[in-house]
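Please look over the structure shown below before reading the notes that follow it.

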Amino acid sequence: MQLLDNPIRPYAWGSPTAIPAMLGVKPTGEPQAELWMGAHPGSPSGLVGKEQTLLDLIGADPEGELGSPCVREFGPRLPFLLKVLAAENPLSLQAHPDPAQAKAGFERENADGIPVSAPHRNYKDGDAKPELICALTDFEALVGFRPPAETLEVVGAFGVTELEPLLAQLREQPDEEGMRAAFTMLMTAPADRQRAVVDAVVAACADRTDPAADLARRLGEKYPGDPGVVAALLLNHVRLAPGEALYLPAGNLHAYVHGVGVEILANSDNVLRGGLTSKHIDLPELLRILDFTPRRAEILTADDEGRYATPASEFRLSRHVVTGGAEVTLDPAGPQILLCVEGTVAARGEAGKVDLTPGRSAWAGAAEGTVTLAGDGVVFRATAGIG
């Protein structure tokens, strides 16, 4: 059991105060978007009191740290990355490929000689990137294409003439192919037509108070003329209460809008963006991998064991409330990271003990065996999703 020293990623959309408040440190004045916990090659966690990273520790003895089942399934690397994500402003509209798409895309771009570090490269590795976000505060997100009937009702109420071709497509074909056609029509329109549609929508929302109008107005202020402002209106607009979660499979177009949450994801860098960003957008590739199936967003809650059920094999997240001095026993689960978000909790394994306070986390390798938690607080546990 080892305390981790975790890097913070200062992306422009991040909150300048949320992560420092959790850690009990003074804000730097700069956005602090994500606290990373894991063995990602770009920003691995350090080991407190040691001159090595978690990446080094795993590399020196993958079987001992990860366990044989995890190594057989994913190779000698940690398959998940745990984060605290703090969004002050909206993230880009984005989606991630499935395993076959990621492998093929990675090999294709390698064959084309595109450097992995190139800003226009889509596939940084050959892995899929499913995600789960669990809210720590009220959390606002856009996730997946919603049923066309809801879009027609909500967006049709704006009375925007410039939206009529898109809405007509959904009326005529209220299914997956109709959604694909409407989204493609919007995203491939000439830039001047896109701007005219966005400007008309934002103007129509100026005096409206409904949630969709408020969203369009806020996005329009941040990203004037960006077709992602209108694309966002085709998606499920979700508000999570603390403890509620969303699972984002391959092909799901989504964006986090505002709030603080614990995110767990496969340890991959493959992101295809579709708007609300100044970064590279490859629209043909995004259209190829998107899942246009209309469906309502499914909000997840923890089961009796604190686990959030997903089909992802790369990760499993669970939430454990420790109160009144009663111990919580965590069964052996291979490699794991424990993150405290409230209170003070002592985590004890067969080979050591650490004290966790908000924002502090610990690594327990596969050999650690059974772990117990004691104290008063809330701890998230990240493990692989196998076994």
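## Basis

The model described here is a predicted one, and side-chain atom pairs are counted only at pLDDT 80 or more.

## Helices α7 and α8

Helix α7, covering residues 164–172, packs with helix α8, covering residues 176–188, at an angle of about 170 degrees and with the two axes 8 Å apart. Since angles over 145 degrees count as roughly antiparallel, α7 and α8 are therefore roughly antiparallel to each other. On the α7 side the contact is made by Pro165, Leu166, Gln169 and Leu170, and on the α8 side by Gly178, Met179, Ala181, Ala182, Met185 and Leu186. These contact residues divide into 8 nonpolar and 2 polar, with no charged residue.

## The largest pocket

The largest pocket has a volume of about 930 Å³ and is lined by 40 residues, of which Tyr11, Trp13, Gln94, Arg273 and Lys279 lie nearest its centre. Two or more lining residues come from each of β3 (34–37), β5 (80–87) and β11 (254–266), and β11 gives the largest share, 5 residues.

By residue class, the lining of the largest pocket divides into 17 nonpolar, 11 polar and 12 charged residues.

## Ala382 in strand β19

Ala382 lies in strand β19, which spans residues 371–383, and it counts as buried because its relative accessibility is 0%. Leaving aside residues up to four places away in sequence, Ala382 touches Phe80, Leu82, Ile264, Arg316, Pro335, Gln336 and Ile337. The C-alpha atoms of Ala382 and Phe315 are separated by 6.9 Å, although these residues are 67 residues apart along the chain.

Terms used
Residues are numbered from 1 along each chain as its sequence is written. This is a predicted model: local features need pLDDT of at least 70, side-chain atom pairs count only at pLDDT 80 or more; totals for chains, interfaces and linings use all residues. Side-chain values use heavy atoms; hydrogens and water are left out. Axes are lines fitted to C-alpha atoms, for helices over the stretch in contact, and angles run from 0 to 180 degrees between N-to-C directions. Helices (H or I, at least four residues) and strands (E, at least two) are DSSP runs, numbered from the N terminus. Angles under 35 degrees count as roughly parallel, over 145 as roughly antiparallel, 65 to 115 as roughly perpendicular and the rest as oblique. Contact means heavy atoms within 4.5 Å. Ala, Val, Leu, Ile, Met, Phe, Trp, Tyr, Cys and Pro count as nonpolar, Asp, Glu, Lys and Arg as charged, and the others, Gly among them, as polar. On a 1 Å grid over the protein atoms alone, a cavity is a set of points where a 1.4 Å probe fits but cannot get out, and a pocket is an open set with protein on both sides within 12 Å along at least five of seven lines; lining residues have an atom within 4 Å of a point. Grid points are joined across faces, edges and corners, and a volume is the space filled by probe spheres set on the points. Buried means under 20% relative accessible area, exposed over 50%, partly exposed in between (1.4 Å probe, protein chains only).
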